[in-house]
Amino acid sequence: MLDSLFKPRAVALIGASTKELSIGNVIIKNLRRFDYKGTIYPINPKAPEIRGIKAYPSILDVPGDVDVCHIVIPPEMVPQAVEDCGKKGVKNVIINTAGFKEMGAEGEALQNDFVERGKKFGVRIFGPNCQGIINTDPEFKAYCDFTFTYPKPGHISIVAQSGGVGAVIMQNFFDLDVGMRMYASNGNACDISIPEIIRYWGNDDETRVIVLYVESLDDPKYFMDVAYEVAAKKPILAMNAGRTEEGAKAATSHTGGLAGGKATDLIFRKTGILAFDDAQEMCQAAVAFASQPIPRGKRVGMITNTGGPAIIATDTLVEGGLEIPPLSERAEKVLKETMFASASINNPIDVVATAGAPQFRSAVDVMMDEEQIDSVYINFVTPPFVDCESVARELAEVSKHKRKPIICNYMTDKPQWLETTKILNEGGIPCYDFPGTAAKALVALSKYHELRSRAKGNVRNFRDVDKGKAEAIINGAEKSGIGILSASDVYNILDAYKIPSASWKIVSSTDNAVAAAESLGYPVVIKADSPKIIHKSDAGAVAVNLKNSDEVRRAATEMEKKLSGKKFNFFVQKFLTGGKELIIGAKAEANLGHLVMFGMGGIYVEILKDVSFELAPVTDTEANEMINSIKMAPLLKGVRGQKGIFIKGAVEILERISQLVSDVPAIQELDLNPLFAFEDKIVAVDARIKI
Ligand code: ADP
Ligand code: MG
């Protein structure tokens, strides 16, 4: 329970300062300005008072109980301050001071020191290297933070690892005149973690939407547990920075966390968190989530009193996967009676610029009653010749019943239409300044519906696998200190998991290579198998389409010459033609498990990076989605007379790989590249496993 942190009855501040431009002064100013309802105890050994509030020389001198104590003193003094707080019985400290784990070993030692002391006394630690918390609840009005935006009460709670981003998000809601419930930015998060905060807000009725910004997840498994639990209760919208490889590197050096990049987005999807690439888009969507119901489908009813914006919005809606279906005859009949003669009475309903309250109301009512409409998009420009306030009142009235979500692109001069704006805001109608922005918010609501209602599928458990054999091979390799498995080990593991590969033999001499080729049947491929050669074709260690013994002998001799000095075996394999090249792989992620990857092989993976990922264990539904979500998916299904591939086989290989890496977690990386995919079978011709 984080009640004592977010609902503090008394806040102290070690490092309270009389200097106006110091954090130790600004936090007191903020508590005051936000009208904090509890007691403030500035701690300062010299000053008798700060900002007119009596100060105490030490936290131990404070007369009353303290729920939260800020610590804003140099890093080397922080451990003693935490100790003092412990002795005083302080429940939580917010350590704003920086200079700990994020600064390297010395700072980390200091951090470990105060974490220990906190544990000893049962003091919970928020931070260090952080901003703090805000709670707009009128009963508390706790502004334990040094930021400068003073939000009004609302239903969106924000947690951001980075204070800078958190502040931007909070400012954005403020600019949109949308209230906020609680705020937290916990920096290094040495004790109180983001999942713990999310879980707390999951149980906070006034929080209707959680907005999350992370750069890395320290404990992805714990995060997932909490995310499953809370996302089932209320929408969580999230943005993950560090999506690109460059970004991920920067994230690691920034907060010293783990994961990031792909894994985090997969965790979001799997647990039902709606992910965004852009912080502003996320904020704008959050406004809609805070006041509107989730649509039950993709069908949008549009109402407009101006032409152009409807066209822009339509593009964005349709690109976002939404539909704008025609209305029923019944609806048309109603509209014929209520609309002006110049109005257009299908979807979009163009009520025309002269439309007043009765026309708007009838149009919205029709959309609410239409069975084939799931949500309503409105373009509302405020014509000076219309009573816009009564239009707004009708819209607010309908919105109150929350039958279907309403989103409004509201085009006006706010200072002139203050009252109209106020009615829309208080009616909880999300208003946006641009048609595209409004449409994107609606797309987000609809995506969320899709995400939450998507079938999860089942994890198939193959009983025909030989887990013991795979483990034995990996154990053997580990014992002999091998990092990259030999071809025979790799293919034996594939066999143990019934993952089909082209038939093969491993031999150590040219003569035996010829014999192996004879027994496999021509044409064949020969490859050099050695732990030193990772990318065989680059090293000249692959010879394909060898049709007879002479060609095998020649290729083998040439390979020996090229690789002179290196010890290697000949890997002789059946040559396959006519398939499409696929890649399937897996990669271990620290503290999480494995990511499984699917894509088109060859140039598609190298140039277009046309791949998809999922977290193991991969369900049947997810495996199908992985295949369907790559850009080249139509090619795999068959287009323009070209035959498709054996999709069921690809699904099964994904499932079997998922089972393999889950059974044998020592596998760090696994690559089947390429597999040849045919109409009726899929066969691996190259495989690599790193442990
Ligand atoms: P590496 O990836 O180490 O360079 P591969 O075994 O993947 O080596 O071989 C390189 C390429 O040769 C493959 O991408 C594929 O196009 C082709 N190739 C390899 N083995 C076969 C095979 N058995 N049948 C047909 N083509 C093959
Ligand atoms: Mg390869």
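**Salt bridges**

I began with the salt bridges of this predicted model and got a total of 33 for the structure. I then picked out single pairs. Asp113 and Arg117 join their side chains in a salt bridge, with 2.9 Å from N to O. I asked myself why these two are separated by about one helical turn. They sit four residues apart in helix α4, so about one turn of the helix lies between them. A second pair I noted is Arg124 with Glu196, whose side chains form a salt bridge at 2.8 Å, N to O.

**Domains**

Next I looked up how the chain is divided. I found domain 1 at 1-146, domain 2 at 147-291, domain 3 at 293-453, domain 4 at 459-502 + 577-691 and domain 5 at 503-575. I went on with domain 1 and domain 2.

**Domain 1 against domain 2**

I took the centres over C-alpha atoms and got 23 Å between domain 1 and domain 2. To this contact domain 1 gives 36 residues and domain 2 gives 31 residues. For the extent of the contact I turned to area. The accessible area lost when parts come together is often used to give the size of an interface. Here domain 1 and domain 2 bury about 2600 Å² between them, and carbon and sulfur atoms carry 52% of it.

How many salt bridges are there between domain 1 and domain 2? I counted three. For polar contact between domain 1 and domain 2, I have 24 residue pairs, both residues at pLDDT 80 or more.

I then listed what supplies the side of domain 1 that touches domain 2. At least two residues each come from α1 (3-6), α2 (23-33), α4 (105-121), β7 (124-126) and β8 (132-135). The largest share, four residues, belongs to β8. Sorted by class, this side of domain 1 has 18 nonpolar, nine polar and nine charged residues.

**Backbone entries**

I checked the backbone for cis peptide bonds and noted two entries. One joins Gly127 and Pro128, with omega at about 0°. Pro128 is placed in the loop between β7 and β8. The other entry is the cis peptide bond joining Asn347 and Pro348, where omega is also about 0°. Where is Pro348? I placed Pro348 in the loop between β16 (344-345) and β17 (349-350).

I also looked at phi. Lys141 is not a glycine, yet has a positive phi of about 50°. Lys141 belongs to the loop between β8 and β9 (142-144).

**Ligand 1**

Last I went to ligand 1. I found 18 residues surrounding ligand 1, and the closest are Lys527, Lys536, Ser537, Lys574 and Asp686. Which part of Lys536 is 2.8 Å from an oxygen atom of ligand 1? I noted a polar backbone atom of Lys536 at that distance. For Asp686, I have a polar side-chain atom 2.9 Å from an oxygen atom of ligand 1. I also recorded Glu581, where an N or O atom in the side chain is 3.0 Å from an oxygen atom of ligand 1.

Methods. Residues numbered from 1 in each chain as written. Chains lettered and ligands numbered in written order. Predicted model: local features only at pLDDT ≥ 70, side-chain atom pairs only at ≥ 80, totals over all residues. Heavy atoms only, no water. Domains from an automatic or database assignment. Contact = heavy atoms within 4.5 Å. Buried area = accessible area lost by both parts, 1.4 Å probe. Salt bridge = Lys/Arg side-chain N within 4 Å of Asp/Glu carboxyl O. Polar contact = N/O pair within 3.5 Å; in protein donor to acceptor, adjacent residues only side chain to side chain. Nonpolar A, V, L, I, M, F, W, Y, C, P; charged D, E, K, R; others polar. Near = heavy atom within 4 Å.
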